[in-house]
Amino acid sequence: MDKKRVLIVDDDSEIRQIVKVLLEGEGFQIEEASCGNEAFDKMAEEIDLIILDVMMPGMNGYQVCQNIRKKSTVPILFLTAKTKEQDLVEGFQSGGDDYLEKPFSFLELVARVKALLRRNEM
């Protein structure tokens, strides 16, 4: 069975590293991007799930998500410090599949990633 490939898109290298270590420990193969354009480049490869921040320089996460949705149905989990109800709604309206607020529970993140991948395989 191939390892599932997860793309982490966040301009904060510490967050990317924490999530990478956590998910690699669960058997996932991790790709990283620090901005939307870098994420689009990584989308040329086979990606099974995207973890996407909202607040990034250049394109924000909602714009990145909308652009990804033009070409792909890959599951997208927003992982962000934006905590208002309107932020969550905008995340879903832009094409996101799930939304988790920072600071986040490691166990919850892993559970949500696995659930999204399981639903996508059906």
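A residue is called buried when its relative accessible area is under 20%, exposed when that area is over 50%, and partly exposed in between, with a 1.4 Å probe and protein chains only. The structure is a predicted model, in which local features need pLDDT of at least 70 and side-chain atom pairs count only at pLDDT 80 or more, while totals for chains, interfaces and linings use all residues. Residues are numbered from 1 along each chain as its sequence is written, and side-chain values use heavy atoms, with hydrogens and water left out.

## Overall fold

The chain contains five helices and five strands, where helices (H or I, at least four residues) and strands (E, at least two) are DSSP runs numbered from the N terminus. Read from the N terminus, these elements follow the order β-α-β-α-β-α-β-α-β-α. The radius of gyration is 13 Å, close to the 14 Å that the globule rule gives for 122 residues, so the chain is as compact as a globular protein of that length; the radius is taken over C-alpha atoms, and the rule is 2.2 Å times the number of residues to the power 0.38. Along its principal axes, the C-alpha trace spans about 35 × 30 × 30 Å.

Of the 122 residues in the chain, 45% are buried. Contact here means heavy atoms within 4.5 Å, and among contacts between residues at least 6 apart in sequence, 58% join residues at least 24 apart. The chain exposes about 6,700 Å², of which carbon and sulfur atoms supply 48%, with accessible areas from the Shrake-Rupley method and a 1.4 Å probe, and, for residues, only the protein chains shown counting as cover.

The chain carries 16 positive and 23 negative side chains, and the centres of the two sets lie 3 Å apart. In this count Lys and Arg are positive and Asp and Glu negative, while His and the chain ends are not counted; the place of a charge is NZ of Lys, CZ of Arg, CG of Asp or CD of Glu.

## Residues in strand and loops

The table places some residues in the chain.

| Residue | Location |
|---|---|
| Leu7 | strand S1 (residues 5-9) |
| Asp10 | loop between S1 and helix H1 (13-24) |
| Asp48 | loop between helix H2 (36-42) and S3 |
| Asn60 | loop between strand S3 (49-52) and helix H3 (61-69) |
| Ser94 | loop between helix H4 (85-93) and S5 |
| Pro103 | loop between strand S5 (98-101) and helix H5 (106-121) |

Leu7 is buried at 0% relative accessibility, and, leaving aside neighbours within four places in sequence, Leu7 is in contact with residues including Ala33, Ala39, Met43, Ile47 and Ile51. Asp10, at 2% relative accessibility, also counts as buried; not counting residues up to four places away in sequence, Asp10 touches Ile15, Arg16, Ala33, Ser34, Asp53, Met56 and Lys102. The C-alpha atoms of Asp10 and Pro57 are separated by 9.9 Å, although these residues are 47 residues apart along the chain.

Asp48 is buried at 17% relative accessibility, and its contacts, not counting residues up to four places away in sequence, are Lys3, Lys4, Arg5, Val74, Pro75, Leu117 and Asn120.

## Aromatic rings and the cis proline

Rings of Phe, Tyr and Trp (its six-membered ring) pair if their centres lie within 6.5 Å, and planes under 30 degrees apart count as stacked, over 60 as edge-to-face and the rest as tilted. A search of the whole structure finds three such aromatic pairs. The rings of Phe104 and Phe106 have their centres 5.7 Å apart and their planes at 70°, so this pair is edge-to-face. Phe104 is buried, with a relative accessible area of 15%, whereas Phe106 is partly exposed at 44%.

Ring pairs also link Tyr62, Phe78 and Tyr99 into a cluster. Ser94, which is buried with a relative accessible area of 4%, touches Tyr62 and Phe78 among its contacts, together with Cys65, Gln66 and Arg69, not counting residues up to four places away in sequence. Finally, the peptide bond from Lys102 to Pro103 is cis, with omega near -5°.
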